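This briefing covers the fold of one protein, from its sheets to a helix contact and a loop residue. The structure is shown below.

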Amino acid sequence: MTTDTTTKDTPVTTTPGNPVLEARGVTMRFGGLTAVRGVDLTVNSGEIVGLIGPNGAGKTTFFNCLTGLYVPTEGEVRYQGQVLPPKSFKVTAAGVARTFQNIRLFANMTVLENVLVGRHTRTKEGFWSAVLRGPGFHRAEAASKARAMELLEFVGLAHKAEHLSRNLPYGEQRKLEIARALASEPGLLLLDEPTAGMNPQETRATEELVFAIRDMGIAVLVIEHDMRFIFNLCDRVAVLVQGEKLIEGDSATVQGDERVVAAYLGEPFEGAPGDEEVAEVESAEAAHEQADAAPAEAEPVDAAPADAAPTDAAPTDAPTETPADTPAEATTDAAPGKENDR
Ligand SMILES: Nc1ncnc2c1ncn2[C@@H]1O[C@H](COP(=O)(O)OP(=O)(O)OP(=O)(O)O)[C@@H](O)[C@H]1O
Ligand SMILES: [Mg+2]
C-alpha cells in the first residue's frame with residue numbers, strides 16, 4: 001500500500017442516547033418481490049441493536065439499503081440527522097461502516113494492507129502527494145500505519161500483520177473485516193452475521209469485541225442467527241419476517257413473543273407474516289428426510305445448501321471500502337454466498 005495515508009479528521013463523536021441512525025419506511029422491491037417492506041428502525045448512540053429473522057427475511061437487503069448499495073424503492077435513511085447519499089463510499093465517508101455476510105477481504109494483500117484499504121475515506125493524500133512522496137506523505141503514511149496497527153491490536157491480530165489475509169483461519173478473517181471497517185473511524189458499525197462459522201470460544205470473544213466497540217463510542221447494528229449471542233449483547237432487538245418488522249424491544253420482550261418463537265421454531269401462528277415461509281421450510285425439511293431415507297443406489301444428493309457456493313467472488317460493484325483502482329477479483333469470499341451480500 002503506497003497511496004492511502006494520513007488522518008483527515010477525527011472519529012465522529014456522538015452524544016449518548018441521540019439517534020445515530022434513523023430508517024423510515026424503508027421498502028426494497030425487486031420486480032414483483034418486496035424484500036423489505038416499510039421498515040422503521042432507530043439506533044441511538046451508545047446502543048447495540050440486533051436485527052434477527054429467518055433466512056430470506058430481508059436483513060441483508062435492509063443493510064444494503066442503509067449503506068448505499070441499494071437505493072430503497074421507498075423510504076429514507078438518516079445518519080446523524082442527515083439523509084445518507086445513495087453511494088456506498090459516501091455512506092462510509094459519512095461515518096457508517098459495515099462488514100459482510102460473505103467475507104470480503106483482499107486475499108493477496110497482507111492483514112495490515114487490508115486495514116489500510118479501510119482507511120482511504122479518512123485520508124487526504126491525493127495522487128500527486130503519492131507520486132512526489134514528500135515528507136508530508138511519509139508522515140501521513142506512518143500515521144495511518146500506526147492507526148491500522150492499533151486496530152489490529154484491538155481485534156487481536158497485530159501478530160499476524162504481515163500474513164496474507166487468505167492464510168488466516170476463518171474466525172480471524174471475520175475479525176480482520178471488523179478491523180478494516182473500524183479503520184474508516186465510523187460512528188455506526190453494521191455487522192452482518194459476524195459469528196457465522198465461528199466456534200463457541202470465538203463467538204464469545206466476538207461478543208466481548210462488540211462490547212468494546214460500543215464502549216469506544218460506536219453504535220452497533222448487528223444481524224445474527226445465534227440467539228444467545230444476540231440476547232446477551234443487544235440493548236434492543238428488531239425482528240424481520242418476510243421483509244416486515246414483526247416486533248422490536250428488549251431481549252425479554254422479544255424472546256417472550258410467541259410470534260418470534262413461531263418464526264424460528266416453525267410453530268404456526270395465525271396471522272404472523274412468517275406463516276407461509278414456515279410452511280415452506282417444513283415441507284422442504286420433510287422432502288429432505290424422504291431423500292435421506294432413500295436406498296443407497298439412488299442418485300447422490302448434493303448435500304451443499306443452495307447458497308453454499310461462493311456466488312460473488314468477483315462482484316460487479318467493488319466492496320464499500322475498495323478504492324476504485326483495486327481489482328474487484330482480489331477479494332476473497334470465504335463464507336457461504338448470497339447474491340445480494342455486497
Ligand atoms: N438483488 C436481488 N435481486 C432479487 N432478489 C433479491 C436480491 N437481493 C435479495 N433478494 C431477495 O430478497 C429476499 C431477502 O434476502 P436477504 O438476503 O436480504 O435475506 P436475509 O434475511 O439476509 O437472509 P439470510 O439470513 O439467509 O442471510 C430473498 O428472497 C432474496 O432472494
Ligand atoms: Mg443475510
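Strand 3 (residues 48-52) and strand 9 (residues 219-223) run parallel and are joined by 4 bridges. Within that pairing, I48 stands opposite V220 in strand 9. The model is a predicted one. The protein contains 11 helices and 12 strands, and 43% of its 342 residues count as buried. Among its contacts with a separation of 6 or more, 71% are between residues 24 or more positions apart.

- Strand 10 (residues 236-241) and strand 11 (residues 244-249) run antiparallel and are joined by 5 bridges.
- L240 has K245 in strand 11 as its bridge partner.
- The two strands form a hairpin with 2 residues between them. In the turn, Q242 has a positive phi of about 45 degrees.
- V239 has contacts beyond its neighbours within four places in sequence: I52, G53, K245, L246, I247, V254, V260 and A263.

**Nonpolar core**

- The largest nonpolar core has 75 residues.
- The members that touch the most other members are L152, A179, L188, L189, V220, L221 and V239.
- In soluble globular proteins, nonpolar side chains tend to be buried together.

- Another open sheet has 4 strands in the order 2-1-4-5, with antiparallel pairing.
- Its edges are strand 2 (33-44) and strand 5 (82-83); each has a single partner strand, so one side of each is left without a neighbour in the sheet.
- Strand 1 (residues 19-30) pairs with strand 2 in the antiparallel sense over 8 bridges.
- V36 in strand 2 is the bridge partner of M28.

**Helix 3 and helix 6**

- Two packed helices are described by the angle between their axes and the distance between the axes.
- For helix 3 (residues 111-118) and helix 6, the axes come within 7 Å and cross at roughly 35 degrees.
- The crossing of helix 3 with helix 6 is right-handed.
- On the helix 3 side, V111, N114, V115, V117 and G118 take part, meeting L176, A179, R180 and A181 of helix 6.
- The residues of this contact comprise 6 nonpolar, 2 polar and 1 charged.
- Helix 3 is mostly covered, with 8 of its 8 residues buried. The buried residues of helix 3 include E113 and N114.

**Loop residue K160**

- K160 lies in the loop between helix 5 (135-155) and helix 6 (170-182).
- K160 counts as partly exposed because it has 19 C-beta neighbours inside 10 Å, whereas a buried residue needs 20 or more.
- Leaving out its neighbours within four places in sequence, K160 is in contact with V111, L168 and E172.
- K160 and T110 are 50 residues apart in sequence, with their C-alpha atoms 8.6 Å apart in space.

Key: Residues are numbered from 1 along each chain as its sequence is written. Chains are lettered from A and ligands numbered from 1 in the order in which they are written. This is a predicted model: local features need pLDDT of at least 70, side-chain atom pairs count only at pLDDT 80 or more; totals for chains, interfaces and linings use all residues. A nonpolar core is a set of buried Ala, Val, Leu, Ile, Met, Phe, Trp, Tyr and Cys residues joined through C-beta atoms within 7 Å. A residue is buried if 20 or more other C-beta atoms lie within 10 Å of its own, exposed if 12 or fewer, and partly exposed in between; C-beta atoms are placed from the backbone. Two residues are in contact if their C-beta atoms, placed from the backbone, lie within 7 Å. Two strands pair if DSSP finds at least two bridges between them. Axes are lines fitted to C-alpha atoms, for helices over the stretch in contact, and angles run from 0 to 180 degrees between N-to-C directions. A crossing is left-handed if the near helix is turned anticlockwise from the far one by less than a right angle, and right-handed if clockwise. Ala, Val, Leu, Ile, Met, Phe, Trp, Tyr, Cys and Pro count as nonpolar, Asp, Glu, Lys and Arg as charged, and the others, Gly among them, as polar.
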